[in-house]
Amino acid sequence: MKTCERKKTTFSFKVESQRFIRQIRQELGLSQAALAKKMISDCDQSTISNWESGKCEIPLSKFIDILLISGRNPKSYFGFLGNENNNDAEEVKE
């Protein structure tokens, strides 16, 4: 995949994850502060706000935590997680 394609894909995923965090939070009927309190690691309302607005990127571990809080299976979003026999992974060359 070429660099410009990767940039577009990365940006698209970033925007979708921002929307998804807000969607999950609203579906659960939680404020940003309430979601922050449910997180396993230290987090506050402003951090959730920054993730939702795109001011900073959400770490993968925190995104997975939000999925788990919402009752979603992270494997459905990241199929490679927990796959001990990931021999099917393709190497992507530029």
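Modeller: Before we start, a disulfide is a pair of cysteine sulfur atoms within 2.5 Å. Keep in mind that this is a predicted model.

Colleague: Okay, so how far is the sulfur of Cys43 from the closest cysteine sulfur?

Modeller: That closest sulfur sits in Cys56. The pair would have to be within 2.5 Å to count, so the gap is too far for a bond. The distance is 9.1 Å.

Colleague: And how many disulfides turn up in the whole structure?

Modeller: Cys43 and its closest partner, Cys56, are too far apart for a bond. A search of the whole structure gives the total: zero.

Colleague: On to helices. At roughly what angle do the axes of H1 and H4 cross?

Modeller: Two packed helices are described by the angle between their axes and the distance between the axes. Here H1 covers residues 3-27 and H4 covers residues 60-69. Their axes come within 10 Å, and the crossing angle is roughly 30 degrees.

Colleague: Which hand does the crossing of H1 and H4 have?

Modeller: The two axes cross at roughly 30 degrees. As for the hand, the crossing is left-handed.

Colleague: Which helices do the buried residues of H4 pack against?

Modeller: The buried ones in H4 are Lys62, Phe63, Ile64, Asp65, Ile66 and Leu67. They pack against H1, H2, H3 and H5.

Note on methods: Residues numbered from 1 in each chain as written. Predicted model: local features only at pLDDT ≥ 70, side-chain atom pairs only at ≥ 80, totals over all residues. Heavy atoms only, no water. Axes fitted to C-alpha atoms, helices over the stretch in contact; angles between N-to-C directions. Helix = DSSP H or I, 4+ residues; strand = E, 2+ residues; numbered from the N terminus. Left-handed = near helix turned anticlockwise from the far one by under 90°. Buried < 20%, exposed > 50% of the residue type's maximum accessible area, 1.4 Å probe, protein only. Contact = heavy atoms within 4.5 Å.
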